[in-house]
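Subject: Structure handover, pockets and cavity

Hello,

Please look it over when you have time.

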Amino acid sequence: MNEELFGRQLTAAQLPPTFEPTDPRIVSRPAMTISGRWVRCERCHQQLEKAHVALPAGGYYCPDCLALGRITSRQSLLTIPEPNAFPPQRNTLTWAGSLTRLQQICAQDVQSVFVKRQRHLLWAVTGAGKTEMLFLGLADALKRGDRVAVASPRVDVCIELFPRFQQAFTNTSMVLLHGQQTEPYRYCQFTVCTTHQLLRFYHAFDILVVDEVDAFPFAQNKQLMFAVDQAIKPNGACLYVTATPGTELMHAVTRRQLTMSYLPLRFHGHLLPEIQCRGAWHWREKLRRGRLPTALQVAITARLRQHKRFLLFVPHVAQLPDVAAAIRRFAPKASFVTVHAADGERVEKVAAMRQKKVDFLVTTTILERGVTFPDIDVLVLGADDAVFSTAALVQIAGRAGRNAAAPDGKVIYWIEQTTLTLRRAIRQIQVVNQKGRRLPEWRHA
């Protein structure tokens, strides 16, 4: 059936040996367009200067999407228009949970947006149950035979979301796509993928959800924004989901280019844990001498003694070995690992934390969002470092208190100075909590 090309865009070199090239449904278009001294890649829409991307044998290539396979001006992009070739379903949603009143309002907004094929922002605080609020609209879309996708900038988020969607839609064909994936691509009605993987799709999806839309590398990335627009059908619906919308999204709402739903309270009715700041003077110099700030050492020791699990964030990958060595000096029996974006064992280490095989993780901002561990505290060393954006500091704080049985996790940031970025993060959480207190669902601690 040549399903590999349904709503996809691939070069001839990327097609499997079983592909039938004489299929009359195949649409071909140039992989790159040339104009004056510029060439433009039609897969990622990057405009490149000829002199910088010329090939010795002639023609041009695109270095910006090289990770998806080399594409040159001598190739074509092949696609078969999306046929929505899915068997009819009656009982698409197999999730047995329930929504709160506030979640139900947002879920109905999402369902309406999908039906009307609109663009919408779902702004809900960390731990509000955003994934569950998608189920109603997605189930309705799947019943109609729509092809749907949920994309996120982060691999960790995709890996966490995929089994949750599998459990919620057990009768629906589903595939997980990301750069570390070893399983071959399958044509499915429901796709969970990183936003980079959207560059392989062309007018494929009736419904596209972009989760954690403010996260790196999606935020401010024109290439990935183009990928979203290209992957959706011309009459498709797009839902942006985040707890920390950036100024561009909010301006789009103001200009009425996006509609919006807003939920300032977590699903269990408790407020967001607020940030506590502690002084950590000259901590970098101490770390170079193999020591952590005394107050942080005391905080870690106390949590190990109480069997309280936690995440410890540090600003930079290069600091991870020194922090780990310092901890092992005063807590030699502690069970923990370090993890970062380029860690080849990243998925396994996060799974070990989730399965309670380790007491804590020492990590970078790679775990600032999209991962849920029940009943943890959050500690940050050097929260005033420029690497932490306001959104990142809010998201990191949001890792605590996500479980209904333990909604009051501690969030402690060690700093040398109070930066504007940090003040904004503290204020953002306070403002959201003020709005949450006005709702009848608020549960007093």
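The lining of the largest cavity is made up of seven nonpolar and two polar residues, with no charged ones. Please keep in mind that this is a predicted model.

The residues around the largest cavity are Trp 123, Val 125, Thr 126, Ala 243, Leu 272, Val 394, Gln 428, Ile 429 and Val 432. H12 gives the largest share of that lining, three residues. The volume of the largest cavity is about 60 Å³, and the search of the whole structure found one cavity of 30 Å³ or more.

Now the open space. The largest pocket holds about 1000 Å³. Its lining consists of 39 residues, and those nearest the centre are Asp 214, Gln 220, Pro 245, Gly 246 and Thr 247. At least two lining residues come from each of strand S6 (119-124), helix H5 (222-231), helix H6 (247-254), helix H11 (390-397) and helix H12 (420-437). By class, the lining of the largest pocket has 20 nonpolar, nine polar and ten charged residues.

The second largest pocket has a volume of about 770 Å³. It is lined by 34 residues, with His 178, Gly 179, Gln 180, Thr 194 and Gln 197 closest to its centre. The lining of the second largest pocket divides into 17 nonpolar, ten polar and seven charged residues.

Regards

Technical notes:
Residues are numbered from 1 along each chain as its sequence is written. This is a predicted model: local features need pLDDT of at least 70, side-chain atom pairs count only at pLDDT 80 or more; totals for chains, interfaces and linings use all residues. Side-chain values use heavy atoms; hydrogens and water are left out. On a 1 Å grid over the protein atoms alone, a cavity is a set of points where a 1.4 Å probe fits but cannot get out, and a pocket is an open set with protein on both sides within 12 Å along at least five of seven lines; lining residues have an atom within 4 Å of a point. Grid points are joined across faces, edges and corners, and a volume is the space filled by probe spheres set on the points. Helices (H or I, at least four residues) and strands (E, at least two) are DSSP runs, numbered from the N terminus. Ala, Val, Leu, Ile, Met, Phe, Trp, Tyr, Cys and Pro count as nonpolar, Asp, Glu, Lys and Arg as charged, and the others, Gly among them, as polar.
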